[in-house]
Amino acid sequence: MIRRSLTLFAGLFVLILVMGWAMGLPFTSSRLVEATAYALIALGLNIQWGYGGLFNFGIMGFLMLGGFAVTFISYPVNPQFWGSDGPWMLGRALIAFGAGALLVYGARNSDKIGIRGGWKTFVTVLAWFVGYCVYRSQIDPAAAYIEANAGFVGGLGGHPVLGWLFGGVLAAGVAFIVGKIALGLRTDYLAIATIGISEIIRALIKNMDWLTRGTLTVSPIPWPTPLPQAYQASGSDQFSSLLLARGGFLLLALLVLGIALWLISRAYAGPWGRMMRSIRDNHIAAASMGKNVTARQLEIFVFGSVLMGIGGAMLVSFTQIFDPSSYQPINHTFLIWVMIIVGGAGNNWGAVFGAVLIWLVWVVSEPLARVIFDFASNWSTNFGWGAIPEIESRSAQMRVFVLGLVITIALRYAPKGLLPEVVRRDA
Amino acid sequence: MTELVFFINQVVISGAVLGCIYALGAVGITLIFGILRFAHFAHSELMTSGAFFAFMLAALFASWGIVTPIPLGFVVLPLAMVMSAIFALGIDKGFYAPLRKRGAKPVILLIASIGVTLMVQGLIRLFFGAGSYSFFENETKDIFRIDLAFLGSTRPLVITEPQLLMIIVTVVSVLALHFFLTRSRLGKAMRAMADNPDLAQVSGINTALVVRVTWIVAGALACMAGTMLALDVTLKPDLAFNIIIPIFAAAIVGGLGQAYGAIAGGLLIGFAESLAVFNWTMVLRPLNAVLPEFAQLPATLSLVPTEYKLTVAFVILVVVLLVRPTGIFKGASS
């Protein structure tokens with residue numbers, strides 16, 4: 001097993017070297033930073049699916065939450081907003097939200113004052129409706145006012161690493177709510193429920209212009225490490241300052257990944273990991289041994305989502321732009337699943353390997369497809385069939401096909417992944 | 001009266017059209033779930049590819065100079081449905097059957113169906129690009145404006161030809177499906193297998209045939225839904241991919257595995273979506289005359305802003321999963 005991992009990782013290293021030689025160092029270094037962030041996200045999914053057997057198809061939502069969190073924490077303060085009536089109006093909206101929540105809570109407990117059965121359902125629905133109306137009556141004018149006068153709320157001007165942490169916290173909070181709602185469901189239902197929830201998160205972040213600027217996008221978001229411009233200012237030439245800056249970011253990202261990997265591996269090897277595997281393999285047996293299955297699954301769902309939030313925050317920090325409309329289920333949910341399936345669910349190194357490999361395949365398949373198309377186009381022109389039209393847009397679509405092909409081939413011929421989970425059996 | 005007609009145009013007709021699409025898609029999903037026990041995610045691609053089959057056939061017919069009084073895309077629908085059924089069978093043979101033979105868990109089949117989704121979508125984009133097409137390049141889209149002036153309405157009742165056809169076709173196919181499931185031998189075998197596959201097999205039902213028939217029915221219905229949707233709006237590669245979650249929501253709301261539930265769920269979600277974004281001020285405007293100055297109705301008064309229209313389906317989905325996870329009609333339990 002160790003030999004197999006070493007061979008595969010050596011192969012990956014060679015692939016990276018070839019890529020650096022063929023595509024240039026600046027391109028490769030950015031892809032490596034992204035691959036590191038994706039490795040962190042894949043580890044998060046590996047916890048949920050590989051350890052816990054939970055079916056999370058809402059990864060995109062958690063990545064968006066992470067991206068929003070880092071934008072909110074690290075983007076410079078917007079004095080126009082803080083100087084206006086905006087904070088006061090938002091405060092009122094918050095109070096309205098609290099009042100609505102209280103109303104719903106009260107209605108849900110209305111059986112204590114003797115309202116039962118159908119009446120309780122009616123009161124609960126009414127409370128939801130009234131609470132929603134009260135909240136909307138406060139938030140709508142606040143949103144319109146902020147958008148008109150200040151653009152959007154702006155950031156807090158904090159350090160980006162704080163933003164990454166906040167991304168984790170935010171993702172954890174949402175994951176807790178999602179888990180409470182959805183974890184009691186069977187796998188297929190859970191998959192569809194999580195997709196639905198991630199779409200709700202996307203719709204909210206995309207349309208709450210007062211908070212996230214929506215489709216107008218927020219940029220530039222600061223880096224946690226010095227930017228290339230800083231190196232250039234201190235006298236380096238363009239090429240080396242680009243490499244130095246990206247190298248610095250890569251080191252920080254690798255550090256975060258290393259810490260996460262170390263912590264997860266320790267947890268996996270310990271009693272906690274054994275308990276999780278037992279729940280995954282047979283939750284009825286685990287429950288009969290006194291394990292609280294629902295609470296443990298919720299725990300694992302939250303832990304996995306924290307890593308997704310941090311990874312999503314890292315990606316946004318690196319690209320320096322938060323664009324809610326750039327998030328797509330294919331790029332941000334299914335891609336991660338392919339990473340895990342190809343790499344090997346339940347094996348942390350497999351997740352990291354799969355993440356880096358699939359990310360490189362994903363980014364390379366577009367230029368590669370263009371080369372192939374150009375070649376085929378030349379060939380068909382020589383035969384007198386005319387050139388292939390729209391090579392640019394067609395080759396951009398090739399990677400979706402490649403991704404689907406990889407997933408089906410992997411499921412058919414290597415269902416456990418390239419680096420399968422190691423099942424240790426003590427004698 | 002004008003307000004009522006407006007309400008019918010905005011909510012009843014558009015909700016029914018949306019509901020029919022959702023219902024046709026959800027029936028296929030629910031049938032596949034009932035027989036094969038996995039959530040078939042690639043159903044959206046069956047719909048889109050079906051619409052593209054119809055589009056190609058329509059283009060072919062048009063190039064032969066065939067002119068029909070009803071839209072050509074609708075005339076070629078039976079042929080396209082046959083092609084789609086064969087396509088669905090091929091997908092099953094190529095991707096799902098080997099996994100089933102290995103005894104893979106339903107979850108693995110779900111992931112495989114996502115792989116199929118990506119592949120088919122990639123292929124469609126490869127051949128047709130990312131742009132959008134219209135069935136009505138060379139024909140006109142008939143719009144029926146029913147003048148209701150005699151009822152005192154200043155607005156006509158508006159319905160387009162594809163919308164009218166869609167509602168008729170959905171009703172016909174739902175009835176046909178009902179008689180197929182309750183009267184024919186194969187339909188009964190399908191229901192038996194949905195209830196208990198092992199028992200169905202030992203009682204002599206040819207389960208392989210039932211699986212094939214399921215794919216044929218699901219593929220044909222998906223093609224119908226996709227083509228009708230493309231006739232109503234425009235044809236683009238992500239035509240059905242964007243609405244697959246509302247369709248799943250419809251299937252779950254109706255109870256996965258329940259064909260009638262899927263129809264009810266589809267209509268419910270369709271109406272809920274159009275009702276949620278409906279601007280009530282348009283109907284309640286006469287009240288402004290009696291209301292005092294400070295309580296005048298705002299220009300837009302809808303339950304949900306328009307940009308959250310698709311979210312309504314997800315919210316319904318989540319609520320149903322919370323309150324009644326088996327759906328309105330009790331769904332398959334395993």
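Reader: Let's begin with B:Arg37. Why is B:Arg37 called partly exposed?

Author: Happy to start there. B:Arg37 has 18 C-beta neighbours inside 10 Å. A residue needs 20 or more to be buried, and 12 or fewer to be exposed, so B:Arg37, with its 18, falls in between and counts as partly exposed. Please keep in mind throughout that this is a predicted model.

Reader: Where is B:Arg37 found, and what is its phi?

Author: B:Arg37 is found in the loop between helix 1 (2–36) and helix 2 (43–63) of chain B. Its phi is near 65°, a positive value in a residue other than glycine.

Reader: In which loop does A:Thr217 lie, and how do you know that the peptide bond from A:Ser219 to A:Pro220 is cis?

Author: A:Thr217 lies in the loop between helix 9 and helix 10 of chain A. A:Pro220 has its place in the loop between helix 9 (209–212) and helix 10 (228–233) of chain A. As for the bond from A:Ser219 to A:Pro220, its omega is near -5°, and the bond is cis.

Reader: Now to the helices. How do you know that the span of helix 5 of chain A agrees with its number of residues?

Author: Helix 5 covers residues 86–108 of chain A, 23 residues in total, and at 1.5 Å a residue these should span 33 Å. The C-alpha atoms at its ends are 33 Å apart, so the two values agree. Its buried residues include A:Gly86, A:Ala93, A:Leu103 and A:Ala107. The buried residues of helix 5 pack against helix 4 (79–83) and helix 6 (117–149) of chain A.

Reader: Why is helix 3 of chain A called largely enclosed?

Author: In helix 3 of chain A, 16 of the 16 residues are buried, so the helix is largely enclosed by the rest of the structure. Helix 3 (residues 59–74) reaches 23 Å from its first C-alpha to its last, close to the 22 Å expected at 1.5 Å a residue.

Reader: Where does helix 4 of chain B bend, and by about how much?

Author: The bend is at B:Tyr96 and comes to about 45°; a proline, B:Pro98, follows within four residues. The end C-alpha atoms of this helix (residues 77–102 of chain B) are 36 Å apart, while its 26 residues should span 38 Å, which agrees. After helix 4 of chain B comes B:Gly103, with a positive phi near 80°.

Reader: What makes up the side of chain A that touches chain B, by class of residue?

Author: In this contact, 36 residues of chain A meet 39 residues of chain B. Helix 7 (160–182), helix 8 (187–207), helix 15 (329–343) and helix 17 (391–413) of chain A each supply at least two residues of that side. By class, the side has 24 nonpolar, seven polar and five charged residues.

Reader: Which residues touch the most other members of the largest nonpolar core?

Author: That core has 215 residues, and those touching the most other members are A:Ile41, A:Ala42, A:Val338, A:Met339, A:Ala355, B:Ala249 and B:Ile252. Leaving aside residues up to four places away in sequence, B:Ile252 touches A:Tyr189 and A:Ile192 of chain A, along with B:Leu317, B:Val320, B:Leu321 and B:Gly327 of chain B. Apart from this core lies another, of eight residues, including A:Ala93 and A:Val153.

Reader: How is chain A divided into domains?

Author: Domain 1 takes in 2–78 + 152–378 + 387–413, and domain 2 takes in 79–151. Their contact takes seven residues from domain 1 and nine residues from domain 2 of chain A. Their centres, taken over C-alpha atoms, are separated by 34 Å.

Reader: One more. Is A:Leu251 buried, exposed or partly exposed, and why?

Author: A:Leu251 sits in helix 11 (residues 238–269) of chain A. It has 13 C-beta neighbours inside 10 Å; since exposed means 12 or fewer and buried means 20 or more, A:Leu251 counts as partly exposed.

Terms used: Residues are numbered from 1 along each chain as its sequence is written. Chains are lettered from A and ligands numbered from 1 in the order in which they are written. This is a predicted model: local features need pLDDT of at least 70, side-chain atom pairs count only at pLDDT 80 or more; totals for chains, interfaces and linings use all residues. Two residues are in contact if their C-beta atoms, placed from the backbone, lie within 7 Å. Ala, Val, Leu, Ile, Met, Phe, Trp, Tyr, Cys and Pro count as nonpolar, Asp, Glu, Lys and Arg as charged, and the others, Gly among them, as polar. The expected span of a helix is 1.5 Å times one less than its number of residues. The bend at a residue is the angle between axes fitted to the seven residues ending there and the seven starting there. Domain bounds come from an automatic or database domain assignment. A nonpolar core is a set of buried Ala, Val, Leu, Ile, Met, Phe, Trp, Tyr and Cys residues joined through C-beta atoms within 7 Å.
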